[in-house]
Amino acid sequence: MEKFVLQTENLTKKYGAYTVLNNVSISLEKKHIYGFIGENGAGKSTFMKIVTGLTYPTSGTYSIMGKESSREREKMRRHIGSMIEEPALYPNYTILQNLELQRTLVGNPDKSASDKVLEMVDLSDAKNKKVHTLSMGMKQRLSIAMALIGNPQILILDEPINGLDPKNIVALRTLLQKLNEEKNITIFISSHILSELYLLATDYIFIHKGKIIDVITHDELEARCRKYICIKTDAVPMALTVLDKIMDNPEYKVVSEDTIHLYSDMDNIEKISRTFMQHEIVITELSVMEQTLEDYFMGITGGVSHV
């Protein structure tokens, strides 16, 4: 039995002289939930478009369910459900009509499938509403329903949380976890709401300027995340000078124009506070924190560091 549902090797995409994806090699295992993390323009959507057949790579290879030839990959794509960028919906059709059209296109003969999927995404009561009357959140949920209508083994979702209110975000997370656990669907999801990916994903793939820079499991992330002292001040340069003066090789990172994360001297928070006061540096926050997924991402992609 094939262990990986998707594998890429040196996948590259160029537009003229601009390289969007640069030798991307990843492997997605069955039954995992992968958080795909990167800034806007990092190459996330382009990668998703290639593996779903919406565009072609400039070079490199990839396989779906172990199948690498173009013809075999095309057959395997019936096992992929996807929602990439803007939802592709017919505005003058109802929710149910859109879903039934998608059911026909993917070749699902089960006429009850649409009602089942609408129940999953909590759109049953709105199924006769036309798409142009829907909120962004309802359109997002309909797009997810369309991705599910073919009973996929792989679900690829590009920013599915966009437009959802907190209640629907929780509902979507619960649905994806249920699909993964009960139907063994492998999920590959991108989002800028990293706190949600932290609660959902079993694995994380970080992409930066078209390159994969880290691949870790949730447990590995937990082990790598560290405690730190969060220092907020409008006088960051002066604060750094003080830290360098009173500490022996301090380990810190400037994460914004008014925030420093100090990873060393965790037991000296009172001394640090007193020294800032002596130097007349106004500190608006001085607290012990623990790294989040967002902190980890910032740490591996940017920020002015002193490590």
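**Entry 1: the model.** I am working from a predicted model.

**Entry 2: the largest pocket.** I looked up its volume first. The largest pocket comes to about 770 Å³. I then asked which residues lie nearest its centre. They are Ser82, Gln102, Val106, Met146 and Ala147, out of 28 lining residues.

**Entry 3: where the lining comes from.** I went through the secondary structure next. Strand S6 (80-83), helix H3 (95-106) and helix H5 (136-148) each give two or more residues to the lining of the largest pocket. Which element gives the largest share? I found that H3 does, with five residues.

Entry 4: I sorted the lining residues of the largest pocket by type. I noted 15 nonpolar residues, seven polar and six charged.

**Entry 5: disulfides.** A disulfide is a covalent bond between the sulfur atoms of two cysteines. I checked for pairs of cysteine sulfur atoms within 2.5 Å. The count is zero disulfides. For cysteine 225, the nearest cysteine sulfur belongs to cysteine 230 and is 15 Å away.

**Entry 6: burial of the cysteines.** Are these cysteines buried or exposed? I used the cut-off of under 20% relative accessible area for buried. Cysteine 225 has 11% relative accessibility, so I count cysteine 225 as buried. Cysteine 230 has a relative accessible area of 5%, so cysteine 230 is buried too.

Terms used. Residues numbered from 1 in each chain as written. Predicted model: local features only at pLDDT ≥ 70, side-chain atom pairs only at ≥ 80, totals over all residues. Heavy atoms only, no water. 1 Å grid on protein atoms, 1.4 Å probe; cavity = no way out; pocket = protein on both sides within 12 Å on 5 of 7 lines; lining within 4 Å. Points joined across faces, edges and corners; volume = space filled by probe spheres on them. Helix = DSSP H or I, 4+ residues; strand = E, 2+ residues; numbered from the N terminus. Nonpolar A, V, L, I, M, F, W, Y, C, P; charged D, E, K, R; others polar. Buried < 20%, exposed > 50% of the residue type's maximum accessible area, 1.4 Å probe, protein only.
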